[in-house]
Amino acid sequence: MVAVATLFAVTAALAGCGPADDGRVQLDFFQFKGEAAQDFRDIVADFEAANPDIDVVINQVPDPDTALRTLLVKDRVPDVLTVNGSAYYGDLAKAGIFYDFSGEPIVDTVNPAVLDILDALGTAAPGEINALPMANNALGVIYNREIFAEHGLEVPTTWDELMDVCERLKAAGVAPFYATAADAWTTLEPFLTLGPEIQPDDFFPRLREEGASVGPDSSVSFQKDYPEVFEKMGVLYDQYAQDGWRSRGYDDGNAAFARGESAMYVMGIWSFSQILANDPDIELGMFPMPGTDDPEDRLIVTGVDVAVTIGRDTAHPEEALRFVNYLLSPETVARYTESQVALSPLADAPPPSFDALREITPFFEAGKISGFLDHQIPAAFPLQQILQQFFFDADATAAMERLDKEWARFAARSYSEDS
């Protein structure tokens, strides 16, 4: 049944769009979020009711990256798309297949710091805005409010305060952190939260300028600028994670944290639903990782979980823009982010209804945010494997040397292909 549904969806997309049989303009809407399928069906139904001259055909498949790649190869860019704000989006934006929203009034309704995150991933040309955010996720330190209250602990705002919290929990027989190194991708989380606060400004743009010469003697490099990040990652888990953390995976972490087996968990808001599924009554909070001893350095790591864009050569730009304006209206964004437990990227968004998000919202609204560092790194780069190996053998020197070598190898290959 899934295969039939997939074939139908792709076939519908490949068929393109145009006037419907009843005279309405038909928009092909490519939607990648499987878990939000019902939300988008409801949103589209309401939009069509308010816009009876437009028929929105939703195309959603189990493997959206492959399906979208198929469409692009055939030069069949959908009229309107949802995309994840990842390095893959950046590659597509740089290829010039998405609409340029710069100059559209709707741009002014979005948090500028979130637009910067998308801009950093890539654009077709300087100054262009090739997608607009609809929902953001967040990564930080999830904590159990009941455990903190039981031990009289305040949310730490500096690295020293975090270490004090960890020592007091450890002395009381409570594991400060739950770590899950068996799933390589979860070893990214401490790297992604500590890196932005500790690394030099413009680290990745300068790293790209270094190209194939990245190493211990270049102006920036992992060996030169990341020893503190690796040292603190090691401290967090080697000294303060639960016993046996190297053999635990993501599902183990969500279930154990829900059972109160640690006070803190470095993870994203995407884990909330699984934690609450294990204990609906757990009192969750979230704060930014305090990576330094200056509270002003704290940042919430966030990515654009859902961005909306338009095919640059759509035959129906007016109707597509009307639909995008509806998707990004305050009412629709609030409805979607509440359903999906996400942060609103709109500049004047109301406070989130989910209480665990309230502590990080001020950072988000003030633009004290950072994009995901791994989105600055090529998809084929073995970052997860390098970090997982570091957590197994604690050899920071080897990890940073390999990061520099992998980067130099990637740069050399890229330049060779460009020449």
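E406 counts as buried because its relative accessibility is 16% (buried means under 20% relative accessible area, exposed over 50%, partly exposed in between, with a 1.4 Å probe and protein chains only). Helices here are DSSP runs of H or I with at least four residues, strands are E runs of at least two, and both are numbered from the N terminus.

This is a predicted model, where local features need pLDDT of at least 70, side-chain atom pairs count only at pLDDT 80 or more, and totals for chains, interfaces and linings use all residues. Residues are numbered from 1 along each chain as its sequence is written, and side-chain values use heavy atoms, leaving out hydrogens and water.

## Other salt bridges

The count comes to 16 salt bridges. One of them pairs R322 with D53, their closest N and O atoms being 3.0 Å apart. This pair links distant parts of the chain, 269 residues apart: R322 is in α14 (residues 317-327), and D53 is in the loop between α2 (37-50) and β2 (54-59).

## One face of helix α9

In α9 (residues 203-210), F203, F204, L207 and E210 are buried. Seen down the axis, these buried residues fall within an arc of 110°, so they line one face of the helix (the arc is that of the directions from the helix axis to the C-beta atoms). Just after α9, G211 takes a positive phi of about 60°.

Conventions. Salt bridge = Lys/Arg side-chain N within 4 Å of Asp/Glu carboxyl O.
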